[in-house]
Amino acid sequence: MEPRFDINANELGAKLGKRFANTSMAIMQGPLPKSLIELVELRASQINGCGFCVDAHTKELAAAGEPAVRINLVAAWRESTVFTDTERAALAFAEEGTRMADANHGVSEDTWASVRKHFDDDQLAALVYLVAMINAANRLAVITGLKGGGYQVGAFEAAGAAG
């Protein structure tokens, strides 16, 4: 099934997309481990029902050597034993930053205290932008009808290098 709108084929969409990609590349080149970035992006994408992004982030995690059990348990991270305390703090932050309208009213003080315990200021800045950007990417993909299943590992990095 084709997307309902190829936003990058539009002149303004392509211009905005390039800036969006530049922000995403700055996050990827920042202080957070790639595996943590992918876990956070996967969790937000699962919550938002973004098939394209779930496809992309599960494939990137697998290609980076992440064990299947960890990839499969991201959706149930609270009920699993395979994530570190740092990863758990980031996943809680991702969930609360994604579900702001679900009567949670944003990130709780407990979650904020946990991320402050595990992340320095540069890492926290990257994590805040990461959660904001993956939520924006999920919305762009879902709104335009981009479907999961066809993502090729490395496509994001290749697009960033070309831009």
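**Close-up views of a predicted model**

**View 1. N10 caps the N-terminal end of helix α1.** A side-chain oxygen of N10 lies 2.9 Å from the backbone nitrogen of L12. A polar contact is a pair of N or O atoms within 3.5 Å; within protein, one must be able to donate a hydrogen and the other to accept it, and residues adjacent in sequence count only if both atoms are side-chain atoms. This is a predicted model: local features need pLDDT of at least 70, side-chain atom pairs count only at pLDDT 80 or more, and totals for chains, interfaces and linings use all residues. Residues are numbered from 1 along each chain as its sequence is written, and side-chain values use heavy atoms, with hydrogens and water left out.

**View 2. Helix α1 covers residues 11-28.** Helices are DSSP runs (H or I, at least four residues), numbered from the N terminus. At 1.5 Å a residue, the 18 residues of α1 should span 26 Å, and its end C-alpha atoms are 26 Å apart, which agrees. The expected span is 1.5 Å times one less than the number of residues. G13, M25 and I27 are the buried residues of α1. They cover an arc of only 140 degrees around the axis, which puts them on the same side of α1. That arc is taken from the directions from the helix axis to the C-beta atoms. Exposed E11 and L12 sit on the face turned away from the buried side. Buried means under 20% relative accessible area, exposed over 50%, partly exposed in between (1.4 Å probe, protein chains only).

**View 3. F52 and Y151 form an edge-to-face pair.** Rings of Phe, Tyr and Trp (its six-membered ring) pair if their centres lie within 6.5 Å; planes under 30 degrees apart count as stacked, over 60 as edge-to-face and the rest as tilted. The count comes to four aromatic pairs. The ring centres of F52 and Y151 are 6.0 Å apart, with the planes at 85 degrees. F52 lies in helix α3 (residues 51-63) and Y151 in the loop between α8 (121-144) and α9 (155-162), so the pair ties together parts that are 99 residues apart in sequence. Both F52 and Y151 are buried.

**View 4. F93 and W112 form a tilted aromatic pair.** Their centres are 6.2 Å apart, with 45 degrees between the planes. F93 belongs to helix α5 (residues 85-98) and W112 to helix α7 (residues 109-118), so the pair ties together parts 19 residues apart in sequence. F93 counts as buried, at 5% relative accessibility. W112, at 34%, counts as partly exposed.

Note on methods:
Helices (H or I, at least four residues) and strands (E, at least two) are DSSP runs, numbered from the N terminus.
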